[in-house]
Amino acid sequence: SHQWPFYGDHGQAGVTTPPQRHIMFMTFDMTTPTAQALQILLARWSAAIAQLVQGAAVGTVEPSRIGSVGTDTGEAVGLDPASLTVTIGMGPSLFTDTYGLTAKCPPHLRPLAALPSDNLQPELSGGDLSLQACADDPQVAYHAIRVLARIAKSTGAAQTRWTVMGFGRASAGKDQETPRNLFGFKDGTRNLVDASEFNQHVWIKEGPAWQQSGSYQVVRKIKMNIENWDTDRVSDQNQVFGRHKLSGAPLSGTREFDTPDFHKKDTEGELVIPATAHIRLAAHENNQGVRILRRSYNYTDGLNHYGQLDAGLLFISYQNDPAHFETLQRKLGAADALNEYISHIGSGLFFVPPAAKEGSYIGAELF
Ligand code: HEM
């Protein structure tokens, strides 16, 4: 089983790291108005994550002193690190006078613009802090968040806000076979994969040193009406995405990695990749070169009130300017054929500071 280091002099792990199989994502709201409480929380979270990614317990599971409470909850004992990464994000609401942070707010950190087809629920949106734990074992990811939520509570600094547990990564990394989302389509075929692309589109290159090699994390909880989708003809589903379901090939080609030809017309003069196809609207060729790194996961919330399968996509993207996400979502929200089957119900934007250097902690430069 693989271990990803927590400390480093580049971006945090969990951004361009090849997507692990499972995610536990959680956001938090501050419960105290002091900068010191925030500082202690970030330091304790960092120290705990450094332990967790090695597969180590955070403190004792069974204390020797009779009558004392365990520090680590224990359910990951005996499990290996399973490629765990935990990525800390900071919401716009953290950079206020309350914590003396107004002047330090990263330049593009602000609530996301209202976007067409938004159906956002406040209880699934926002947050002062975010934690993205990803691992190849769901119990390892869950344990990490549980221990970190416990630290937030015991320091009195923050309380939980909203959470999504996801499975079956729905975005490919380099050398990974393209996985599928819950609509049964390959997801991540045309994603960012190599270091030069990450440098150009993902990592922040401007501003003070402590912002450089950071990134902006967009999180959208997108409900997918999978029961409706399953009644649709597959030929129609292919038109929705502009790709073939089984092979993943663009409708203009035959193999998965063929470059889509957005000009190609059929014998009747109709565009082969329709005007409303998801990939036409999202492709960089049609968006002045805008590209984002997608790192999404499938999720399920069980059944809804009508006994229907309640599931969707925990869409996560990383980019060095959240306006890039907004550009794409403005177009998708207005015209995407997919809109008939999806609904954006949760949303958050977080600044992801660079990794901490050994002996320090994430966000140390803020204080
Ligand atoms: C491509 C699914 C939401 C941006 C794709 C592909 C699929 C897909 C199957 C084609 C394979 C690929 O290249 O990855 C979905 C589903 C969504 C969703 C099921 C919602 C439930 C979004 C959102 C955005 C987005 C919200 C950004 C605002 C993109 C981009 C591409 C893409 C940039 C690559 C287009 C290209 O260059 O060809 N998506 N997507 N998607 N999607 Fe989505």
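By class, the shell around the ligand comprises 15 nonpolar, seven polar and five charged residues. Here Ala, Val, Leu, Ile, Met, Phe, Trp, Tyr, Cys and Pro count as nonpolar, Asp, Glu, Lys and Arg as charged, and the others, Gly among them, as polar. The model is predicted: local features need pLDDT of at least 70, side-chain atom pairs count only at pLDDT 80 or more, and totals for chains, interfaces and linings use all residues. Residues are numbered from 1 along each chain as its sequence is written.

In total, 27 residues surround the ligand, and the closest are T189, R190, A282, A283 and L328. A residue is near a molecule if its C-beta atom, placed from the backbone, lies within 6 Å of it. Two or more residues of the shell come from each of β5 (215–224), α6, β8 (309–319) and α7 (322–335). The largest contribution is that of α7, with four residues. Helices (H or I, at least four residues) and strands (E, at least two) are DSSP runs, numbered from the N terminus.

In UniProt, an unreviewed entry lists residues 12–167 as "domain: Dyp-type peroxidase N-terminal". UniProt positions are given in the numbering used here, feature names are shortened, and annotations may be inferred rather than shown by experiment. The span 12–167 is 22% helix and 21% strand, and its end C-alpha atoms lie 21 Å apart.

The largest nonpolar core has 87 residues; those with the most contacts inside it are L52, L84, A133, A141, A144, L148 and L314. Such a core is a set of buried Ala, Val, Leu, Ile, Met, Phe, Trp, Tyr and Cys residues joined through C-beta atoms within 7 Å. A residue is buried if 20 or more other C-beta atoms lie within 10 Å of its own, exposed if 12 or fewer, and partly exposed in between, with C-beta atoms placed from the backbone. Helix α2 (residues 138–154) supplies the largest share of this core, eight residues. Not counting residues up to four places away in sequence, L84 touches L52, V53, A133, A135, V140, A141 and A144; contact requires C-beta atoms, placed from the backbone, within 7 Å.

In helix α5 (residues 234–241), Q237, V240 and F241 are buried. These residues lie on the same side of α5 because they cover an arc of only 85° around the axis, the arc being that of the directions from the helix axis to the C-beta atoms. The buried residues of α5 pack against α6 (278–282), whereas the face turned away from the buried side carries the exposed residues S235 and D236. Just after α5, G242 takes a positive phi of about 85°.

Most residues other than glycine have a negative phi. S117, which is not a glycine, has a positive phi of about 70°. S117 is found in the loop between β2 (85–90) and β3 (129–135), and it counts as partly exposed because it has 16 C-beta neighbours inside 10 Å. Q288, also not a glycine, has a positive phi of about 50°. Q288 lies in the loop between α6 and β6 (293–294) and is exposed, with 8 other C-beta atoms within 10 Å.

R180 is found in the loop between β4 (158–169) and α3 (195–201). With 17 C-beta neighbours inside 10 Å, R180 counts as partly exposed. Leaving aside neighbours within four places in sequence, R180 is in contact with F185, K186 and D187. R180 and Q288 are 108 residues apart in sequence and 27 Å apart in space, C-alpha to C-alpha.

Technical notes:
Contact = placed C-beta atoms within 7 Å.
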